[in-house]
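Please open the model in your viewer and keep the selection tool at hand.

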Amino acid sequence: MSDSVDPSDATDRTDDAFDDEYPVQVFPEAEEMDLRPGTDDCYKCSSCDVSCPVAEVDDTFPGPKFQGPEQWRLTRKEDVEVDASIKQCSNCMRCDSACPSGVPLSQMHNTARAKYVEEQGLSLTYLRDRILANYGTLARLGSRVPRLTNLVMGLGITKLVNERVLGITSEREFPAFATETFREWWDERGGDDASKARAQEARRLRRLGQGERRSRERTRAERGDEDRKRVAYFHGDYANYNTPEVAKALVRVYEHFGYEVAVPDQRCSGTPMFANGMMDDARRAARFNVETFRELIEEGYDVVCSCTSCSMALRKEYPELFDFEGTDAVAAHTYDAVEYLRIHEDLPSALADSAVSLGEFAYHAPCHARNQGLANQSREVFADLDGVDVTDVGDSCSGISGTYGWKGENYDVSMAIGEEMFEHMEAVESSVGMTECPTCAMQMEHGTGYEIRHPLEVLEAAVVE
Ligand code: SF4
Ligand code: SF4
């Protein structure tokens, strides 16, 4: 008998051979390589590098392309650690918007930064970054005795110690704690139940204002929709402890439009934690927030934020980095507070009757607002409001990026990035600024001495009697 193979056996032999040889594991650790598809989408156009405000003023920073896809590939090798320059990235996320290929740059940066911090272990820098990342813990303690804390934090000796020991710049004024937090005010006012009663009354008055004829025309469905106007407010730490006037403005504006506002327990959005590589802290905070807001969403609430970095975290960073049950639902139901009103209310009509006269504002759109497509929002909302002029001061980054500009090693870079914004602000005749981001507000005030307002405060002045 010849050695030729009986065709009827060939299939079996071939399958056996395939069993030995296939599938070919070109990338044996494929299961850990969840960022690979995004990395492979990079075609090295360098648009991200050109958009990076840190790379523009700091020659030592290799830029987002290196921090993202290139470093990701390099660190696949076991003996290659994350480069220290990842900490020079301010997490402004401008590179995300600049990339024409959808490479998840900031997701890569956040992941690499967390790995870098883990690799470095304990140090004074780690301690400093952990304190800054957990601002809410510091604020909770400090706001128990706000006047004393404000006094101590403003002393020259405190600033000196912070700078010498922790590396926190002494150039900036520590933000003052309010003598009454937003949540204290909220509880004192009667909490969610009081908001429900106020919203119901506002809806009744609006119906009266719309007249009997209009009221008869309204369908049962329309009236039902109006009775379901409910939002859950994610206020974050800064509006609670430092700028409760912004949080109160949100509540009053929403109640004016007939919304019942709920203010559930919540943790920091995680933004300063991502930016400092404290991923375990961020995960704990995000899990708590997702569990809390998911339940409210199931009851028919949408989530609104007064800080664009908070809405950015809930909408974009949570789904990129975590997969708790409800993460996608929270992302899908979260909005910037003014954006939500633009979608659901007739703001131009509401503002048409306003007799407010507040003058000109030098407006800065935060990078995280730009990332959510909200760069022109404030200009558009107030465009037809007599008595208010909003002048956009350009599309540059403010430079502070949360805790980034508070670090001694970043202060000069932060101010160099902010220089363009300061110049444009100073070209505006007024000395009042406007922005949605609390740390951009800090930088605007620090660089120009202007008083800074939030768009919600202007809306409150315009529509709430
Ligand atoms: S997040 Fe901002 S600072 Fe960081 S690499 Fe991207 S553009 Fe540069
Ligand atoms: S912009 Fe996107 S595609 Fe271009 S170099 Fe950067 S990551 Fe790569």
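Start with ligand 1 and select the residues around it: by class this shell has eight nonpolar, six polar and one charged residues, where Ala, Val, Leu, Ile, Met, Phe, Trp, Tyr, Cys and Pro count as nonpolar, Asp, Glu, Lys and Arg as charged, and the others, Gly among them, as polar. Before going further, note that this is a predicted model, in which local features need pLDDT of at least 70 and side-chain atom pairs count only at pLDDT 80 or more, while totals for chains, interfaces and linings use all residues. Residues are numbered from 1 along each chain as its sequence is written, and chains are lettered from A and ligands numbered from 1 in the order in which they are written.

**Ligand 1**

The shell around ligand 1 holds 15 residues, and those that come nearest are Cys 52, Pro 64, Cys 89, Cys 92 and Cys 95; a residue is near a molecule if its C-beta atom, placed from the backbone, lies within 6 Å of it. Colouring by element shows that α5, α6 (94-98) and α7 (105-120) give two or more residues to this shell, with α7 giving the most, three residues. Helices here are DSSP runs of H or I with at least four residues and strands are runs of E with at least two, numbered from the N terminus.

Next, pick Asn 91, whose place is in the loop between α5 and α6. Asn 91 has a positive phi of about 65 degrees although it is not a glycine. Asn 91 counts as buried because it has 23 C-beta neighbours inside 10 Å; the class buried requires 20 or more other C-beta atoms within 10 Å of the residue's own, exposed means 12 or fewer, and partly exposed lies in between, with C-beta atoms placed from the backbone.

**Ligand 2**

Move to ligand 2, which is also surrounded by 15 residues, the closest being Cys 42, Cys 45, Cys 48, Cys 99 and Val 103. Nine residues of the shell around ligand 2 are nonpolar, four are polar and two are charged. Both α3 (47-51) and α5 (64-74) supply at least two residues of the shell around ligand 2, and the largest share, three residues, comes from α5.

Then select Ser 46, in the loop between α2 (36-40) and α3. Is Ser 46 buried or partly exposed? Ser 46 counts as partly exposed because it has 14 C-beta neighbours inside 10 Å. Its phi is positive, at about 70 degrees, although Ser 46 is not a glycine.

**The sheet from β1 to β4**

Now select the four strands that form an open sheet in the order β2-β1-β3-β4, with parallel pairing; two strands pair if DSSP finds at least two bridges between them. Its edge strands, β2 (260-262) and β4 (334-336), each pair on one side only. From one strand to the next the twist averages 35 degrees. Inside the sheet, β1 (residues 230-234) and β3 (residues 302-305) pair in the parallel sense over four bridges, and Val 231 has Asp 302 in β3 as its bridge partner.

Five bridges join β5 to β6, and Phe 361 stands opposite Val 390 in β6. On its other pairing, β5 (residues 359-363) joins β7 (residues 432-434) over two bridges in the parallel sense, with Gly 433 in β7 as the bridge partner of Ala 362.

**The chain as a whole**

Finally, select the protein chain, which has 27 helices and eight strands. Of its 465 residues, 44% count as buried. Colour by pLDDT, the predictor's confidence in each residue from 0 to 100: the mean over the protein chain is 89, and 88% of its residues reach 70 or more. Over residues 1-19 the pLDDT is below 50, and this stretch has two contacts in the model beyond near neighbours in sequence, a contact being a pair of residues with C-beta atoms, placed from the backbone, within 7 Å. Residues 22-33 also stay under 50, with one contact beyond four places in sequence. Where pLDDT is low, the predicted coordinates should not be read in detail.

Key:
Axes are lines fitted to C-alpha atoms, for helices over the stretch in contact, and angles run from 0 to 180 degrees between N-to-C directions.
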